[in-house]
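This report describes a single protein chain, moving from its overall make-up to selected contacts between side chains. Please read it alongside the sequence and the structure shown below.

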Amino acid sequence: MKKREPAQKMARFYRMAVMPNLFGEWTLYREWGRIGQGGQVRMDWFEDENQAVAALVTTGSLQASARLLDGASAARDVQMIA
């Protein structure tokens, strides 16, 4: 997801994904930052996919993203990688 507001010189990106890792666990991967720059990354590990997806849905980042995207399209724009 991207947010651009040229008047405020704002150009940000947000990326979230749920994916398996090499140890049989699931990872909630979150990255955010300024477009064109290296972003911040946070990874949280879960025992199963359902826990990771639940964390993705309830995270404050997703709620903020929903506001950025005017609500309805937020769930559609979240990447799910399995």
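## Surface and overall make-up

To how many Å² does the accessible surface of the chain come, and what percentage of it belongs to carbon and sulfur atoms? In this predicted model, the accessible surface of the chain comes to about 5700 Å², and 52% of that area belongs to carbon and sulfur atoms. The chain has 82 residues, of which 30% are buried.

The secondary structure consists of 3 helices and 5 strands, and from the N terminus on these elements follow the order β-β-β-β-α-α-α-β.

The chain has a count of 3 salt bridges. One of them is formed by the side chains of Arg15 and Glu31, which meet at 2.8 Å, N to O. Because Arg15 lies in strand 2 and Glu31 in strand 3, this pair ties together parts that are 16 residues apart in sequence. The two partners can also be described by their accessibility: Arg15 is partly exposed, with a relative accessible area of 38%, whereas Glu31 is buried, with a relative accessible area of 13%.

A further salt bridge joins Arg30 to Asp44, with the closest N and O atoms 2.4 Å apart. Since Arg30 belongs to strand 3 and Asp44 to strand 4, the pair ties together parts that are 14 residues apart in sequence. Arg30 is buried at 9% relative accessible area, and Asp44 is buried as well, with a value of 18%. The side chains of Arg42 and Asp44 also meet in a salt bridge, at 3.2 Å, N to O, although Arg42, at 43% relative accessibility, counts as partly exposed. Through salt bridges that share partners, Arg30, Arg42 and Asp44 are joined into one network.

## Arg12 and Trp32

Another pairing that can be followed on the structure involves Arg12, a residue of strand 2 that counts as partly exposed at 39% relative accessibility. Although Arg12 and Trp32 are 20 residues apart along the chain, their C-alpha atoms are separated by 7.3 Å.

Which backbone nitrogen does the side chain of Asn21 reach at 2.9 Å? The answer is that of Phe23, and the side chain of Asn21 also reaches the backbone nitrogen of Gly24, at 3.4 Å. Asn21 itself is found in the loop between strand 2 (10-20) and strand 3 (26-34).

Is Asn21 buried or exposed? With a relative accessible area of 19%, Asn21 is buried, because the cut-off for that class is under 20%. Once its neighbours within four places in sequence are left aside, Asn21 is in contact with Trp26, Thr27 and Trp45.

## A nonpolar patch

Trp45, one of the residues in contact with Asn21, is also one of the residues that make a nonpolar surface patch of about 320 Å², the others being Val41 and Met43. Met43 has its place in strand 4, which covers residues 40-46, and with a relative accessibility of 40% Met43 counts as partly exposed.

## Helix 1

Which residues of helix 1 are buried? In this helix, which spans residues 49-58, the buried residues are Ala52, Ala55 and Leu56. They cover an arc of only 100 degrees around the axis, and therefore lie on the same side of helix 1.

Definitions and conventions:
Residues numbered from 1 in each chain as written. Predicted model: local features only at pLDDT ≥ 70, side-chain atom pairs only at ≥ 80, totals over all residues. Heavy atoms only, no water. Patch = residues over 30% accessible without salt bridge, like charges linked within 9 Å, V, L, I, M, F, W, Y side chains within 5 Å. Areas by Shrake-Rupley, 256 points an atom, 1.4 Å probe, with all protein chains shown as cover. Salt bridge = Lys/Arg side-chain N within 4 Å of Asp/Glu carboxyl O. Helix = DSSP H or I, 4+ residues; strand = E, 2+ residues; numbered from the N terminus. Buried < 20%, exposed > 50% of the residue type's maximum accessible area, 1.4 Å probe, protein only. Polar contact = N/O pair within 3.5 Å; in protein donor to acceptor, adjacent residues only side chain to side chain. Contact = heavy atoms within 4.5 Å. Arc of directions from axis to C-beta.
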